[in-house]
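Biologist: Please take me through this model, beginning with a single residue and its surroundings.

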Amino acid sequence: MKVVGRGPGKVEIRLKWDPSPLGESPRHLDIVAATYSVADPFGRPAYVVHYDSRSPDGTINMNRHSRTGMGFGFVEVMSLEFDRLSSAYSRVVAGVVIHQEPDPRTFGDMSNAGVVIAEGHQELLADDFSGVAVARATTVAEFARNDAGEWEMHEMIRGSDSDPETFISEMGTVPRSA
């Protein structure tokens, strides 16, 4: 998917999953976003935003966080304000990681899991992770500036077997497939 025209302004990434059955350890998923500089668009992230942080300029924030999946609908929400993001950044890659403590899990172990990216009431992307069922983490979308400097969103569902820390450090190092 590609957003055309003025590009996205403020988007939300929304995540849901069912809590663990009684007697199982909690299932804990997190939205992560890595921001890449114009000088190094596929290198190390300039900064990463997740449940315990926000961007230095306040343009990427975790608005809602869950450690268990308990609640109705989307229990974790991150907002990204591309209309305010500095021109020093050329890419933002968004993903989802599954905490592996105390029990290793994959997306196939999750029930009723899904992610939606929306701008206002317009849904830009929706996925249920079935295509990455054996993965422990996945990228979801890439937001990149085009030649005119406008942001475009590209679906980029790409599973990973890496632990959360390794995944976050490498999630945007590979260019998306066209």
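**Contacts, sheets and cores**

Modeller: Leaving out residues up to four places away in sequence, Glu 81 touches Gly 9, Lys 10, Gly 58 and Thr 59, where contact means heavy atoms within 4.5 Å.

Biologist: On what basis are such values given?

Modeller: This is a predicted model, in which local features need pLDDT of at least 70 and side-chain atom pairs count only at pLDDT 80 or more, while totals for chains, interfaces and linings use all residues. Residues are numbered from 1 along each chain as its sequence is written, and side-chain values use heavy atoms, with hydrogens and water left out.

Biologist: Where does Glu 81 lie, and is Glu 81 buried or exposed?

Modeller: Glu 81 lies in strand β5; a strand is a DSSP run of E with at least two residues, numbered from the N terminus. Its relative accessible area is 18%, so Glu 81 is buried. Buried means under 20% relative accessible area, exposed means over 50%, and partly exposed is in between, with a 1.4 Å probe and protein chains only.

Biologist: Which order do the strands take in the open sheet with β5?

Modeller: The order is β4-β5-β1-β7-β8, and the pairing is antiparallel. Two strands pair if DSSP finds at least two bridges between them.

Biologist: Which strands stand at the edges?

Modeller: β4 (60-64) and β8 (122-127) do; each has a single partner strand, so one side of each is left without a neighbour in the sheet. From one strand to the next, the twist averages 20°. Such angles run from 0 to 180 degrees between N-to-C directions, with axes as lines fitted to C-alpha atoms.

Biologist: How many bridges join β1 to β7?

Modeller: Five bridges join β1 (residues 10-16) to β7 (residues 114-119), and the two run antiparallel. Arg 14 stands opposite Val 116 of β7.

Biologist: Now the sheet with β10. What is its strand order?

Modeller: This open sheet of five strands runs β3-β2-β6-β9-β10, with antiparallel pairing. β3 and β10 stand at the edges with a single partner strand each, so one side of each has no neighbour in the sheet. On average, neighbouring strands of this sheet are turned by 20° against each other, direction ignored.

Biologist: Changing topic: which residues touch the most other members of the largest nonpolar core?

Modeller: Leu 80, Val 92, Ile 117 and Phe 143 do, in a core of 36 residues. A nonpolar core is a set of buried Ala, Val, Leu, Ile, Met, Phe, Trp, Tyr and Cys residues joined through side-chain atoms within 4.5 Å. Strand β6 (residues 89-98) gives the largest share of this core, five residues. Apart from it lies another core of ten residues, including Tyr 36 and Ile 168.

Biologist: What is Val 92 in contact with?

Modeller: Beyond its neighbours within four places in sequence, its contacts include Ala 33, Ile 60, Leu 80, Phe 82, Phe 143 and Trp 151.

Biologist: And how many aromatic pairs does the structure hold?

Modeller: Four. Rings of Phe, Tyr and Trp (its six-membered ring) pair if their centres lie within 6.5 Å; planes under 30 degrees apart count as stacked, over 60 as edge-to-face and the rest as tilted. Tyr 47 and Tyr 89 have ring centres 5.4 Å apart and planes at 85°, so this pair is edge-to-face. Because Tyr 47 lies in β3 (residues 47-49) and Tyr 89 in β6, the pair ties together parts that are 42 residues apart in sequence.

Biologist: Why is the pair of Phe 82 and Trp 151 given another label?

Modeller: Their ring centres are 4.9 Å apart with planes at 50°, so that pair is tilted. Phe 82 lies in the loop between β5 (76-81) and β6, and Trp 151 in β10, so parts 69 residues apart in sequence are tied together. Phe 82 counts as buried at 3% relative accessibility, as does Trp 151 at 4%. Ring pairs link Phe 82, Phe 143 and Trp 151 into a cluster.

Key
Helix = DSSP H or I, 4+ residues; strand = E, 2+ residues; numbered from the N terminus.
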